[in-house]
Amino acid sequence: MARAFLFVLDSFGVGGGPDAATYGDGGADTFGHIAEFCAAGAADRAGLRSGPLTLPNMSGLGLLEIAKAATGSYPAGMPKPEKLYGLYGCANEVSRGKDTPSGHWEIAGTPVMFDWGYFSAEGDAFPPDLVEAICRAADLPGILGNCHASGTEIIAKYGEEHISGGKPICYTSSDSVFQIAAHEHYFGLERLIALCQIVRTLLDPYNIGRVIARPFIGETQATFERTGNRRDFSVLPPEPTLLDRLVKAERTVHAVGKIGDIFAHQGISRVIKANGNMKLMDATLRTMDEAADGDLVFTNFVDFDMVYGHRRDVAGYAAALEAFDARLPDVHQKLKPGDLVILTADHGCDPTWRGTDHTRERVPVIAYGPGVRSRSIGIRQTYADIGETVARHLGIAAGPHGRSFL
C-alpha cells in the first residue's frame with residue numbers, strides 16, 4: 001500500500017480555458033504571462049528577483065510541455081530541459097464558477113454542477129434585509145464596506161473607522177463569498193469567528209459558498225496588516241468527495257493549510273495549520289514523515305492566490321513560484337517506494353489581468369514518484385481525474401466522476 005501527496009498551488013493556472021470567454025477571461029494565462037513579464041524584465045524587483053522565470057524542478061517534471069498543450073505556446077524565456085520525469089498534462093474545469101471550493105471539490109472528484117449565489121456588483125452588495133438580520137443577530141451597530149473590494153484596500157480605507165466605531169468591514173468579490181475583516185484586538189478574534197458563524201447560517205437561502213474571516217492588526221492605515229488567523233466557513237460539498245471515501249476506508253486524510261475549511265471539515269482526519277508558503281511546505285514535510293501507508297496528505301499553498309494573484313503582483317508571484325520550486329527536492333527526499341505526488345491548481349488568478357479576481361483557466365497536472373515513468377497524459381476533461389487517480393493509487397473504489405490517468 002502506498003501514500004499520496006496532493007499539492008494545490010492555489011491559482012497557478014496555465015491558460016487555455018476552453019470556456020474562458022464566457023467568464024470574461026479569454027486570453028488569461030497566469031503561468032504564461034508571468035513568464036512573459038519575467039523574460040521582458042518587467043518582473044524585476046530589487047532584493048527579490050530578476051531575469052527570466054526559473055523553475056528547473058517543475059520544468060523537469062513537464063511544466064513547459066503542459067503550457068504548450070494548454071495554450072499552444074511555450075512560456076517565454078524558459079529553456080526546455082533535456083529530460084522529463086513523471087506524468088504531465090493539464091485539466092479543464094467543468095464546475096460552474098472559478099472559485100476555491102468548486103476547484104478543490106472537483107479535484108477531489110466532486111464537480112459543482114449547480115449555480116452559486118452571488119452578490120450585486122452595483123450599489124450595495126448585500127440586501128438590506130440580510131444586513132439588518134446580521135446586525136440584529138450579532139448585536140452590531142452596523143457594517144462598513146458593503147461592496148465588491150480588494151481585502152487590503154478596503155481595510156486601509158475603513159480600518160480606522162472600524163476601530164473607533166466597532167462596525168465590521170464586510171465585502172465580497174466576483175466569487176460566491178461574504179468576507180468580514182475585523183481587528184484582532186479591538187474587535188476580537190473570537191468575536192469575529194463567532195460573527196462569521198452567525199453569517200454562515202443566515203446565508204444558506206442565498207446559496208453563498210463561503211464566509212471568510214479576515215482578521216488584521218495595526219493602528220493606522222499605514223500599519224494595517226492581515227494576520228494568519230484567516231478562517232473559511234464553507235457549505236458542505238454536494239456529495240461525498242474523495243476525502244469522505246478515504247475516511248470511510250479507514251485511511252487518514254492530513255489537511256495542511258486551509259484544506260479543512262474548504263471541505264467544511266468533512267472527510268478530514270487531521271488539520272495542520274501554517275501561515276505562508278514556506279511554513280506550509282515545512283508543515284507538509286513534517287506530515288510526510290508522519291503519514292502511513294494508504295494516507296493522503298493534501299496541502300493548499302495559498303500565497304500564490306491571496307498574496308500575489310489577487311494583488312496583481314507579478315514579481316511577487318514569480319518569486320513565490322521560484323521559492324516553491326526550490327523546495328521540491330526536499331519533497332523528493334521524503335518519498336518511499338510506491339508514493340505518488342501530484343501538483344495542480346484550483347483555478348487561475350492571472351496577475352497581469354484586469355481587475356483583482358480569479359481567472360478561468362486550465363490547471364497543470366504533474367504526477368511523479370518512485371517508479372513513475374514519464375509520459376504525457378494530455379488534456380483531461382475534468383479536474384476530477386486527479387481525485388480518481390489518487391483513489392486508484394490508494395486502492396479505494398472509483399467515484400462517479402472523472403477517470404484515473406494511471
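Mentor: Two strands are said to pair if DSSP finds at least two bridges between them. The model under discussion is a predicted one. In it, strand S9 (residues 253-256) pairs with S10 in the parallel sense, over three bridges. Within this pairing, His254 stands opposite Arg270 in S10.

The pair belongs to an open sheet of eight strands, whose order is S10-S9-S11-S1-S12-S13-S2-S14 and whose pairing is mixed. Strand S10 (270-272) and strand S14 (375-380) stand at the edges; each has a single partner strand, so one side of each is left without a neighbour in the sheet. On average, neighbouring strands of this sheet are turned by 15° against each other, direction ignored.

Two helices may be described along with the sheet. Helix H10 (residues 277-290) packs on the sheet and touches S1, S9, S10 and S11. The direction of H10 makes about 180° with that of S11. Helix H4 (residues 100-107) lies across strand S1 (4-9), strand S11 (296-301) and strand S12 (340-344), and runs at about 155° to S1.

Pro101, a residue that falls within the range given for H4, also lines the largest cavity.

The buried residues of H6 are Gly151, Ile154, Ile155, Tyr158, Gly159 and His162. Tyr158 is also where helix H6 (residues 151-165) bends, by about 55°. After H6 comes Gly166, with a positive phi near 80°.

Finally, there is helix H13 (residues 384-394). Nine of its 11 residues are buried, so H13 is largely enclosed by the rest of the structure. The buried residues are Ala384, Asp385, Ile386, Gly387, Glu388, Thr389, Val390, Ala391 and Leu394. Gly395 follows H13, and its phi is positive, near 75°.

Technical notes: Residues numbered from 1 in each chain as written. Predicted model: local features only at pLDDT ≥ 70, side-chain atom pairs only at ≥ 80, totals over all residues. Heavy atoms only, no water. Helix = DSSP H or I, 4+ residues; strand = E, 2+ residues; numbered from the N terminus. Axes fitted to C-alpha atoms, helices over the stretch in contact; angles between N-to-C directions. Contact = heavy atoms within 4.5 Å. Bend = angle between axes of the 7 residues up to and from the residue. Buried < 20%, exposed > 50% of the residue type's maximum accessible area, 1.4 Å probe, protein only. 1 Å grid on protein atoms, 1.4 Å probe; cavity = no way out; pocket = protein on both sides within 12 Å on 5 of 7 lines; lining within 4 Å.
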